[in-house]
Amino acid sequence: MDAIILQILNGLDKGSAYALIALGLTLIFGTLGVVNFAHGALFMIGAFVAVTVQRLLGLSFEQIDPDKTDFLGNPLKVKMTYVESWFGPEVGGTIVDWSVPVAVIIAIPIMLLVGYVMERGLIKHFYKRPHADQILVTFGLAIVLQELIKYFYGANPIQTPAPSVFKGSFDFGVLVGFDPNAIIYPYWRLVYFAFAAVVLGGVFAFLRYTTFGMVVRAGMADRETVGLLGINIDKRFTIMFGLAAAVAGIAGVMYTPILSPNYHMGMDFLVLSFVVVVVGGMGSLPGAVAAGFLLGILQSFASMNEIKSLIPGIDQVIIYLVAIIILLTRPRGLLGRAGVMED
Amino acid sequence: MGILEVKGVNKRFGGLQALSNVNLSVAENSLHAIIGPNGAGKSTLLNCFVGKLIPDTGSVMFNGESLLGRKPHEINQMGISRVFQTPEIFTDLTVMENVMISCFAHRDGAFRLHPFETVAHETDIIEQAEKMLLDVNMADKRNMHSASLSRGDKRRLEMAMCLAQEPRLLLLDEPTAGMARADTNNTIDLLKEIKEKRDITMAIIEHDMHVVFSLAERITVLAQGTPLVEDTPENIKGHPKVKEAYLGETV
Amino acid sequence: MSTSNFTRRGLMKTGAATGAGLALPTIFTSAASAFTNEPTGDTVTFGFNVPQTGPYAEEGLDELRAQELAVEHINGMGDGGMLNTFSSKALDGTGILGKKVDFVTGDTQTKTDAARASARSMIEKDGVIMINGGSSSGPAVAVQALCQEAGIISMAGLTHSNDTTGKDRKRNGFRHFFNAYMSGAALGPVLKEVYGTDRRAYHLTADYTWGWTQQESIQASTEAIGWETVNNVLTPVGAGDFSSYITPVLNSGADVLILNHYGGDMVNSLTQAVQFGLRDAEANGKNFEVIVPLYSELMAAGAGENIQGVYGSMNWNWQLQDEGTKAFVKSFGEKYGFPPSGSAHTCYVQTLLYADAVARAGSFNPCAVVEALEDFEFDGMGNGPTLYRAEDHQCFKDVLVMKGAENPTSEYDNLEIVEITPVEQVTYAPDHPMFGGAEASLGECNDGT
Amino acid sequence: MKLLGLSAKDTRFLLIVIFLTLATPVLLQPFPENSGLATFNAGYPDLMQRFAIFGIFAIGFNILFGLTGYLSFGHAAFLGVGSYTVVWMYKLLDYNVVWGLPLAVVTSGVFALLIGFVSLRRSGIYFSILTLAFAQMSYNLAYSVLTPITNGETGLQVYRSDAQVLLGANEPTSPHFFGLVMSKSTKLNLGDWQFTFNNGYYFTAIIAIIVFYISLRIFRSPFGLMLRAIKTNQTRLNYTGINTRPYALAAFVISGMYAGLAGGLMAAMDPLAGAERMQWTASGEVVLMVILGGAGTLMGPILGAGFIKYFENIFSKINDQILQGWFAWMPDWLSGLLIEISHFFVGKSWHLTLGLLFMLVVIFLPGGLVEAGQRIARLFKKKPPEDKDPGHHPQPAPHVAE
């Protein structure tokens with residue numbers, strides 16, 4: 001029982017990452033009709049905003065410590081961060097420690113800008129082009145972005161720890177009546193889940209209760225009619241692109257303590273998030289979120305020893321297997337509409 | 001016994017009764033028009049003939065065989081062709097290629113694997129296609145890219161494609177929708193000519209009364225999913241029920 | 001970004017010198033030369049086949065730096081590095097047999113196919129006489145097999161799978177790096193000492209050949225010290241999130257987690273294991289422990305503070321204090337500004353070993369080189385006295401048991417040497433069952449004729 | 001002149017392709033051996049074989065994607081199946097490729113039939129994701145669970161202990177075709193130039209010419225016409241009495257067989273089959289080749305395949321040493337600067353250049369390299385140019401999301 005609860009927690013956690021990426025992807029597809037293969041790269045850029053913030057906060061000057069020597073036998077240079085020297089070790093240390101949450105705040109404007117530039121500079125010209133062209137050009141962009149990141153940050157994964165307050169784990173089992181240590185879960189993963197819930201809720205509320213959101217939803221359903229009403233739908237769609245980029249970006253920032261960022265993480269998530277979107281049904285926001293959680297949980301269950309011993313290798317293929325079954329039984333995914341992307 | 005016999009057809013979409021108890025008989029070699037105001041269920045009915053929709057209840061018989069549950073291509077192979085409201089043609093291909101596809105479909109059936117034959121060597125198909133293009137006065141445009149045709153020409157091309165299959169029943173879904181008056185008149189002439197030249201049954205769904213009354217031999221009026229009257233054009237013209245159904249619309 | 005300043009003018013000269021072409025057309029088949037890519041001009045070309053793209057690109061680039069350095073030393077530039085400490089003195093800093101060493105590079109992408117393609121292009125287009133480098137066992141085995149077919153020498157880089165010199169051993173292929181069996185054999189006694197004999201181990205194993213051979217080796221050596229193996233769970237390569245594999249560990253009755261992962265997988269699985277509180281937990285009345293049998297600098301840097309106190313093994317580390325190591329670290333550090341990695345060391349040593357073997361054999365003929373390398377004993381290359389065993393072309397030398405440093409002073413000393421396991425303890429029979437048993441054979445030497 | 005049932009124009013086109021293919025070892029070796037530009041020479045067996053093999057792969061993929069518009073993201077799986085089949089035949093019978101290659105075409109065809117039958121129940125991106133899912137499953141399993149069949153990460157290869165029941169005493173121990181050893185080459189030195197004529201390349205090239213001819217016939221056949229009609233308007237085709245699914249399935253199977261043949265030839269040139277060649281990125285690569293070259297054109301896929309393989313093999317090998325050689329005549333500061341800039345584009349950063357080129361081609365040349373060629377041809381000719389590529393022109397498809 002506790003094992004199952006643990007796997008559900010794992011699944012929710014994985015699922016929230018899938019759902020956040022798939023949400024942005026669906027938003028872009030639903031509003032702009034663009035298949036964005038560079039969406040994984042946006043997630044990756046977000047993660048590297050966290051790395052950059054960590055590095056900026058960790059910027060330091062060198063002092064020579066005459067008592068120690070470095071690997072070549074020269075006097076050792078000891079590093080002292082500027083932040084610590086400005087704010088004192090106490091406050092400065094805390095700021096450095098909290099670099100990931102700080103990065104979330106910084107990532108939002110950066111990602112909005114990245115999204116804006118991408119949409120105005122490139123995507124805009126591809127609205128009327130075939131999907132294959134959209135896929136190719138955004139795929140090219142994804143390669144370029146990932147190679148640039150690799151050029152500046154190297155190919156190694158970079159450790160970006162969560163604030164020390166969130167280190168360690170929380171005995172979740174005791175709360176619900178299990179033995180101690182039966183269900184323990186890392187604080188940061190709980191934070192990530194809560195964060196994902198807030199972002200997902202926020203996006204849905206935004207689309208549901210604001211005029212802006214209503215126009216966008218109407219535009220997703222019938223772009224031409226909304227255009228006829230004299231509403232500048234393009235401008236709103238640009239903003240939507242920025243928003244989708246921001247969602248992917250902050251999802252990436254928050255994921256860094258769980259998965260040390262590397263330059264190819266965007267591509268790793270790309271295929272998966274496309275499967276999620278398609279299983280959810282192209283163009284359906286609730287579908288994307290539901291499929292994200294569904295696939296996350298199923299993947300977690302498939303990783304259990306009990307199931308792996310029955311069907312070896314099931315955890316390697318479960319996502320694809322589920323995608324195939326769902327697409328064959330529900331032609332347009334879980335919640336998709338007819339006629340979308342079937343040409 | 002007509003070539004197309006529709007009996008007791010019902011079709012619901014959620015809460016909307018799109019067709020209720022439709023009975024219709026289209027006589028062989030007649031030109032039968034189905035008219036009615038917007039939302040009367042004309043297109044739904046047509047879609048039930050071609051296999052795009054399956055009625056909830058009732059039967060649709062063509063030449064004594066049921067059409068229900070058959071796929072569009074099977075129904076077409078039985079001898080029913082369809083002209084769409086917006087011409088459906090192969091815009092990437094040339095005019096000639098468009099017609100040749102129909103000729104191949106007529107000769108070879110729904111599927112034939114012929115990867116090593118050469119289109120250019122199919123002289124009988126080429127001849128037949130050229131004849132069809134002559135019939136619709138488009139022989140001079142045979143090598144044009146069909147995407148660049150005018151709307152009227154696209155309609156002609158579609159008609160040629162349908163006729164190339166020598167169908168027994170030709171279904172026309174608002175063939176003059178969105179056309180200028182001159183184009184409309186050309187289309188009327190074309191349809192008349194086709195009708196004169198061959199043994200063919202035509203069922204036409206139309207909005208434009210000018211077209212209907214220029215062409216139809218019999219007319220069924222559909223309103224709110226039910227046939228109101230079926231009669232000759234002369235009798236339909238002054239029919240009170242028809243006026244009522246079209247209240248607020250220009251007749 | 002490394003820019004080597006030394007090569008430039010020198011290469012211009014060598015390039016011009018080989019330009020003396022033949023005036024009249026001559027037709028000859030490949031059989032006309034004595035062996036594949038026999039060097040005819042006054043240069044000889046090495047092929048450095050390392051991952052330059054993909055997840056192990058940094059490791060590959062470090063290998064490339066070391067290889068460039070080795071070429072520099074062979075050609076008599078720089079301070080000579082390990083040539084000064086190497087027990088064999090056949091190389092005199094004037095190139096090899098009077099020929100200057102030139103090199104070409106290729107990108108393996110850490111994929112078997114790409115590694116083969118890049119190796120083939122170096123053999124066919126650039127006429128290389130040997131291929132060195134690499135960062136994974138799959139490509140290493142594949143390239144070794146290719147070199148065997150083509151008739152040149154393969155000096156493997158970082159490859160840890162038993163298979164490379166086990167069931168996939170080849171007469172034309174040589175491995176300096178240690179292997180999974182040696183990791184197990186070295187770790188066993190140390191683990192016994194620090195964690196006792198009554199332990200229950202849970203393995204997470206990367207689901208491919210290297211993962212399996214390492215798991216097999218570690219299981220054998222931990223069971224030999226009395227440990228029990230609770231479970232072995234195979235994880236997909238590149239899984240990213242290992243949470244669903246880690247959560248069952250704590251309640252499985254195990255008190256040790258062994259991560260048979262490498263590279264990014266290991267960084268993630270270790271980080272996540274720490275996040276899930278495994279290292280703070282107690283099981284069976286003991287502290288829960290995590291072990292990473294194969295360490296590399298790349299992984300240590302990626303995992304950050306999570307490696308503190310975690311045991312593992314290495315082929316070589318720059319913190320060793322022998323003369324060879326000091327000489328290499330000095331010339332590498334002065335050229336590039338940071339200490340070399342273990343894979344850089346292996347590739348550097350392999351390049352020198354090959355050059356030395358040619359010099360001793362007096363010929364570039366691969367079969368002569370094979371003969372010179374087989375049962376070659378040497379010292380002064382950082383690992384103490386070393387033997388290139390004739391039966392399987394595996395180097396036998398001391399193995400390092402490492403531990404994540406508790407208080408690293410810089411980003412380069414986050415691992416510390418716990419013990420230098422003597423070579424006797426990691427030696428095994430050439431027909432050991434984990435190495436293909438009696439069936440495994442090197443085959444015949446191939447020089448391409 | 002008309003040959004083999006082709007029109008005069010197509011015959012001319014085929015003859016040009018034959019000439020180019022057979023002369024490749026010379027054409028790709030334009031620079032003298034010891035010049036600084038020798039790096040750009042591509043006339044060595046491995047790369048030439050790859051041009052031909054990936055050309056075959058792309059030609060086959062073009063029959064599916066270029067003609068019907070069905071975008072498969074899983075064709076690498078068939079490539080892998082072909083390779084594994086051929087290596088297994090080496091292991092069981094002997095090194096003669098005559099057993100493996102036809103079987104590779106058959107097994108990949110059967111595989112394609114199964115996957116295509118299921119995947120073609122859906123269209124558009126749903127079809128793409130289904131093929132992707134099947135291929136990724138194949139790859140993941142081949143890499144791990146199916147290791148007994150595929151030898152996993154190491155790649156399937158021949159061991160001395162393998163049965164090889166047909167292996168004769170004097171038979172070559174590397175892939176051959178009735179004694180014609182693939183890896184053997186004849187070298188020709190002409191002044192500073194060296195040309196390599198490799199058995200394997202010519203074997204592959206002849207097969208490539210044959211399958212190119214087959215694809216040319218398919219393009220010109222009623223079947224090809226139907227496939228193009230599928231891409232343009234499936235609705236009309238259905239209402240014209242055509243059952244589109246068997247046509248699409250036939251195209252899928254044919255392209256799968258091409259992929260299997262290409263995979264088999266890879267193993268025929270180099271007797272090892274790695275699981276990576278089934279990965280989704282490998283499927284993506286053939287998509288890029290076809291679109292880059294010009295989807296739906298005859299020559300496009302071959303150009304695209306050559307272009308990408310050239311990049312992968314030549315640009316990735318330009319290292320600092322070579323750059324320094326080129327820039328040596330410049331003042332130090334300038335050469336240093338140029339080398340730093342080059343770091344972005346060559347050597348280990350070749351992916352970046354490739355990504356940028358994709359973007360540029362897609363943005364400015366939607367018809368791919370074939371369109372570029374046509375535009376250039378137009379610049380030089382005043383009169384309306386005769387098409388270099390007698391395949392039909394790619395047309396901008398309508399926006400299909402609505």
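Which chains have the most contacts among the 4 pairs of chains that touch? I started my notes there, and the pair turned out to be chains C and D. A reminder to myself: this is a predicted model.

**Chains that stay apart**

I looked up chain A against chain B and found that they do not touch, with 14 Å between their nearest C-alpha atoms. Chain B and chain C do not touch either; here the nearest C-alpha atoms are 34 Å apart.

**Chain C against chain A**

Next I turned to a pair that does meet. I noted 39 residues from chain C and 38 residues from chain A in this contact. On the chain C side, I listed the elements that each supply at least two residues: the helices α2 (57–74), α7 (243–246), α8 (263–275), α9 (297–303) and α10 (323–336), plus the strand β8 (228–235). Of these, α8(C) gives the most, with 6 residues. I then sorted this side of chain C by class and got 17 nonpolar, 18 polar and 4 charged residues.

**Inside chain B**

How is chain B divided? I have domain 1 as 1–79 + 167–251, and domain 2 as 93–166. Their C-alpha centres lie 26 Å apart. Where the two domains touch, I found 11 residues from domain 1 and 12 residues from domain 2. On the domain 1 side, α2 (72–77) and α6 (181–197) of chain B are the elements giving two or more residues. My last entry is the make-up of that domain 1 side: 6 nonpolar, 4 polar and 1 charged.

Key. Residues numbered from 1 in each chain as written. Chains lettered and ligands numbered in written order. Predicted model: local features only at pLDDT ≥ 70, side-chain atom pairs only at ≥ 80, totals over all residues. Contact = placed C-beta atoms within 7 Å. Helix = DSSP H or I, 4+ residues; strand = E, 2+ residues; numbered from the N terminus. Nonpolar A, V, L, I, M, F, W, Y, C, P; charged D, E, K, R; others polar. Domains from an automatic or database assignment.
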